[in-house]
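The sequence and structure follow.

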Amino acid sequence: MSAPALPARYRVTSSQAETHDTVTLGLQPVDQPIASHQPGQFTMLYAFGVGEVPISISGAPAGGSLIQTIRAVGAVTEALCSAAPGQMLGVRGPYGTDWGVASAAGRDLLVVAGGIGLAPLRPAVLAALAARERYRRVSILIGARSPEELVFAGELQAWRDGGAKVQVTVDRAAAGWTGHVGVVTQLIDAADIDAAATTALVCGPEVMMRLTARALQACGIAPQHIRVSMERNMRCGIAECGHCQIGPLLLCRDGPIIDYVRAAPLLAVREL
């Protein structure tokens, strides 16, 4: 066990709607804050009286505060999304593996996100831009269903100003949209990738991650340099309940982030 099993109380300090069903909460510790996290790790976020779900940490400002981005897909996440400033939530963690951003120093860093998959990747982007001189090129490819479904839209220019090349594509254009229309793998095809010197971080729906990893390998990137974030039904976060098992892995402990050497055979099994 890497963190206490009892939740610490955090107060909601801000709530920002990202899309029609996705909210970013700012949380400030009331009790002793959880331990510092690495980009890509998650917490078990508890809506008192409703339940608990795993949510990736999408940011951590100073003072022990947390940023958590949540999509409403069930009773617990709906309760979390509707939490107003001043409301108390429970937080356990941090749990799981991380993106290993520091290990990509001296290389190109390629971030590929689909939908809300950008939320777990946001801390990796911020860490890389905070130490921009440690990396060669930093490229961020983002796919969304529509312009209205794009999370962190207001931050993308700041990422560009910080030294990242950011490209966005949508499945369905809206009035006024002048960007790319199509799936995110089409941005890979047009990217200038130095395969031997690139570390890729990929998060999104499983079909998107499979197709993206396939496209990256076709470009020559070795699977050990492709990292994906796997999701399963996590209940305990401490590798005790077994709900998040996929093949030989318990994702709350052995994941959620694994390299594609381990992910490929698991994703190849239908409905595993």
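Strand S5 (residues 66-71) is mostly covered, with five of its six residues buried (buried: under 20% relative accessible area; exposed: over 50%; partly exposed in between; 1.4 Å probe, protein chains only). Strands (E, at least two residues) and helices (H or I, at least four) are DSSP runs numbered from the N terminus. The model is predicted: local features need pLDDT of at least 70 and side-chain atom pairs count only at pLDDT 80 or more, while totals for chains, interfaces and linings use all residues. Residues are numbered from 1 along each chain as its sequence is written, and side-chain values use heavy atoms, without hydrogens and water.

Two strands pair if DSSP finds at least two bridges between them.

| Strand | Bridges to S5 | Direction |
|---|---|---|
| S2 (residues 22-29) | six bridges | antiparallel |
| S4 (residues 51-59) | two bridges | antiparallel |

Thr-22 has Arg-71 of S5 as its bridge partner, and Ile-57 stands opposite Gln-68 in S5. Six residues separate S4 and S5 in a hairpin, where Gly-63 in the turn has a positive phi of about 85°.

In helix H5, the buried residues include Met-208, Met-209, Thr-212, Ala-213, Ala-215 and Leu-216. Seen down the axis of H5, the buried residues fall within an arc of 165°, so they line one face of the helix (the arc is that of the directions from the helix axis to the C-beta atoms). Arg-214 and Ala-218, on the other side of H5, are exposed. Just after H5, Gly-220 takes a positive phi of about 110°.
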